[in-house]
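The sequence and structure come first.

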Amino acid sequence: MNKNIVYAAFTLLVAVVMLSACRDKRSTGLEYARNMYDPIAYNQDQPNKNFANGATSQTPPANTDPIGFVKFEYANTKEGYEASSVVVNPLQLTEKNLLEGKHFYTVFCAPCHGDKGDGQGHIVKLDKGISGVPAYYGAEAVSSRGGAMASLSAGKIYHTITYGLNAMGSHASQLTPTERWKVVLYVQQLQKTK
């Protein structure tokens with residue numbers, strides 16, 4: 001008799017649970033960690049009544065820099081480029097820095113400038129209308145800003161990587177300042193090629 005009561009109660013409980021799950025057609029039943037489905041934070045493009053202008057994405061306060069941001073003091077102008085010639089590479093010329101610089105050069109620079117720095121990267125060889133990519137060495141290698149490419153200073157190379165020049169875009173968003181200086185070390189090795 002007791003067994004029958006237990007089985008009946010269990011059956012009744014299962015039926016109630018199953019029927020209660022059927023009341024909402026959109027419900028999939030029990031959910032684990034509901035907060036993983038409903039985000040708590042605002043998306044940056046959503047309106048937000050917590051701010052006076054009603055926008056979630058706010059402009060940073062004046063004269064502030066993001067954490068870890070290293071400002072390059074020379075402007076993106078010809079005058080800034082010329083003034084940057086006095087900047088000295090803060091990194092030491094070590095095998096590790098040179099190897100890492102070669103890696104970043106291969107990834108970001110070699111497609112146009114070539115693995116050897118001869119201005120004959122695979123994009124140039126495809127003949128897609130890209131011409132005038134300078135080599136880093138040789139008498140005919142002249143910068144579009146004047147002067148021989150082989151005699152460019154570390155600061156001028158860094159300035160060009162940071163801001164870009166002509167068809168070359170800025171690499172500041174792809175390479176950290178330290179990574180850019182490592183590329184400068186490697187380019188300076190390519191400048192010594194004969």
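Is Tyr74 buried, exposed or partly exposed? Tyr74 is partly exposed, with a relative accessible area of 23%; buried means under 20% relative accessible area, exposed over 50%, and partly exposed in between (1.4 Å probe, protein chains only).

## Basis

The model is predicted: local features need pLDDT of at least 70, side-chain atom pairs count only at pLDDT 80 or more, and totals for chains, interfaces and linings use all residues. Residues are numbered from 1 along each chain as its sequence is written, and side-chain values use heavy atoms, with hydrogens and water left out.

## Aromatic pairs

The structure holds 5 aromatic pairs. Rings of Phe, Tyr and Trp (its six-membered ring) pair if their centres lie within 6.5 Å; planes under 30 degrees apart count as stacked, over 60 as edge-to-face and the rest as tilted. One of the pairs joins Phe72 and Tyr74, which is tilted because the planes stand at 55°, with the ring centres 5.4 Å apart. Phe72 counts as buried, at 15% relative accessibility.

A tilted pair is also formed by Tyr105 and Tyr186, with centres 5.3 Å apart and planes at 55°. This pair links distant parts of the chain, since Tyr105 lies in helix H3 (residues 95-108) and Tyr186 in helix H7 (residues 177-191), 81 residues apart. Helices are DSSP runs (H or I, at least four residues), numbered from the N terminus. Both Tyr105 and Tyr186 are buried. Elsewhere, ring pairs link Phe72, Tyr74, Tyr158, Tyr163 and Trp181 into a cluster.

## Nonpolar core

A nonpolar core is a set of buried Ala, Val, Leu, Ile, Met, Phe, Trp, Tyr and Cys residues joined through side-chain atoms within 4.5 Å. The largest has 26 residues, of which Tyr105, Tyr136, Val183 and Val184 touch the most other members. Two or more residues come from each of H3, helix H6 (154-163) and H7. H7 gives the most, with 7 residues.

Leaving out residues up to four places away in sequence, the contacts of Tyr105 (heavy atoms within 4.5 Å) include Tyr136, Val183, Tyr186, Val187 and Leu190. Among the others are Ala110, His113 and Asp115.

## Cysteines

The structure holds 0 disulfides, a disulfide being a pair of cysteine sulfur atoms within 2.5 Å. For Cys109, the nearest cysteine sulfur is that of Cys112, 8.9 Å away. That distance is too far for a bond. Cys109 is buried, with a relative accessible area of 11%, whereas Cys112 is partly exposed, at 26%.
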